[in-house]
Amino acid sequence: MQNLKKELQHTALLHQTRRHFLQSVGFGLGALGLGTMLDSCGPSTAADNAGGEVAKSRIPQFAPKAKRVIYIHMAGAPSQLELFDYKPELLKYHGKDCPAEFLEGKKFAFIQGVPKMLGPQGHFAQFGQSGAWMSDYVPYLQTVADEITFLKAMHTDQFNHAPAQLLMHTGSPRLGRPSLGAWSVYGLGSENQNLPGFIVLASGGQQPDAGKSVFGSGFLPSVYQGVQCRTGGDPVLYVGDPSGMNRDMRKQTIEAINEINKQTYEDVKDPEILTRISQYEMAFRMQMSVPEVMDVSKEPQFILDMYGVKPGEGTFAMNCLLARKLVENDVRFVQLFDWGWDGHGTSKDHNVEGGLRQKCRESDQPVAALIKDLKMRGLLEETLVIWGAEFGRTPMQENRNGLVMPFMGRDHHLDAFTMWMAGGGVKQGFSHGETDELGYYGTKGRTHVHDLQATILHLMGFDHEKFTYPFQGRNFRLTDTEGKVVKEIIA
């Protein structure tokens with residue numbers, strides 16, 4: 001603490017010396033010009049710079065249907081042909097050579113030569129009043145079929161995991177752009193001053209292939225980036241007070257650090273300094289709020305059973321329950337990543353037989369429980385739940401290096417895959433788009449990644465073409481220069 005006080009005094013003297021120098025050697029207007037140049041290095045409104053906008057909502061461009069988002073990303077990409085896109089004709093082609101027109105001029109991540117067609121491994125039936133086709137891989141999700149809108153003809157530009165994940169979440173396959181969650185909090189702010197507006201929960205043992213950039217803030221102030229919480233141990237590292245330091249001492253420490261930061265900001269006008277101030281203050285408040293909201297011990301036993309949660313286990317099921325608790329506490333955007341959905345057929349854990357079934361056993365029950373729980377609490381109407389991955393899987397069996405894999409698997413596929421949404425202003429029990437009889441290409445209602453992003457922003461009250469941020473002389477947006485709202489799915 002004494003060292004902090006000395007540093008504060010030293011910083012104050014340095015600032016006085018700089019100001020004295022500028023004033024005493026006759027710079028005059030030159031000093032004002034220097035300040036103007038420094039201000040121009042980034043946004044200069046105090047609210048943006050300090051993250052003040054995170055603590056209070058902006059006014060959306062029109063009335064939002066979705067006030068909160070829970071985005072569930074299955075990293076690796078499950079096969080739509082085993083889950084939602086029923087193709088009985090594909091079964092007739094099982095084991096036959098792939099038609100030439102599916103291969104000419106196409107690039108695949110691993111397929112070489114002429115692969116064999118692979119029929120669907122799931123058993124399909126129709127469910128709910130909507131008659132949605134779903135397989136026996138997802139028996140729990142079948143019970144909420146009438147809450148879901150399916151997008152059956154999604155397509156993307158990228159067939160490798162990292163760039164495809166970046167495109168899905170930031171609108172660009174290259175690093176440096178803000179994520180959808182960051183844009184959302186930048187636009188709508190946060191309704192809870194004691195919790196971050198954008199929280200990330202990961203499961204499956206690994207981070208997404210694209211790393212933390214998929215929930216980063218890019219060129220937006222870093223106060224808008226996702227804060228990753230853990231489901232085991234302290235939810236956030238170092239959230240507890242160090243040994244021998246009480247709350248009053250911690251508060252005094254942060255106040256002293258922030259006073260140094262404020263004086264530094266007055267000197268250089270770097271907007272990230274004000275972000276740092278805001279984050280120190282948020283971290284102090286999170287010491288009380290995060291452990292409380294991440295504690296499921298007070299949840300009724302029937303809720304734990306509904307999700308399939310066992311307290312103390314950092315599972316995907318636990319993350320689904322925590323997602324409900326977070327939006328219930330007014331967190332604006334909750335991102336769930338679950339790794340391990342890559343079904344190439346290279347091993348017993350990565351195929352469309354046992355591997356995909358096992359991942360569905362781990363995730364199907366908690367996802368369905370999340371939808372039911374949100375609806376039961378009156379939260380689903382204003383909470384948009386999104387489920388999907390970075391691309392789809394081929395109707396052909398993968399034959400890496402021309403050799404058939406030891407297990408049944410499918411290669412990455414960018415021309416057709418399925419995503420779904422529920423709540424938050426989308427239609428209930430609806431299916432948009434169709435693929436051809438073998439599930440290779442979208443024939444109706446094709447939806448690009450940018451279209452999906454434009455639709456999500458629309459549901460949150462923003463025109464994706466007008467919702468921009470100035471950076472390096474250009475107004476950037478999440479959808480870059482493309483995208484159109486899929487109005488057919490909006491209730």
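## Where H6 meets H13

In this predicted model, Leu-167, Met-168, His-169 and Thr-170 of helix H6 touch Val-449, His-450, Leu-452 and Gln-453 of helix H13, a contact being heavy atoms within 4.5 Å. The residues of this H6–H13 contact split into four nonpolar, four polar and no charged.

H6 covers residues 161–170 and H13 residues 449–459; their axes sit 8 Å apart at an angle of about 30 degrees. Axes here are lines fitted to C-alpha atoms over the stretch in contact, with angles from 0 to 180 degrees between N-to-C directions. So H6 runs roughly parallel to H13 (angles under 35 degrees).

## The whole chain

The protein chain has 13 helices and 17 strands, taken as DSSP runs (H or I, at least four residues, for helices; E, at least two, for strands) and numbered from the N terminus. Of its 491 residues, 52% are buried, meaning under 20% relative accessible area with a 1.4 Å probe. Among contacts with a separation of 6 or more, 78% come from residues 24 or more positions apart.

Average pLDDT (the predictor's confidence in each residue, from 0 to 100) is 85, and 79% of the residues score at least 70. Residues 18–57 stay under 50, and the model gives them 52 contacts beyond four places in sequence.

Numbering starts from 1 along each chain as its sequence is written, and side-chain values use heavy atoms, with hydrogens and water left out. Local features need pLDDT of at least 70 and side-chain atom pairs 80 or more, while totals for chains, interfaces and linings use all residues.

Key
Parallel < 35°, antiparallel > 145°, perpendicular 65-115°, else oblique. Nonpolar A, V, L, I, M, F, W, Y, C, P; charged D, E, K, R; others polar. Buried < 20%, exposed > 50% of the residue type's maximum accessible area, 1.4 Å probe, protein only.
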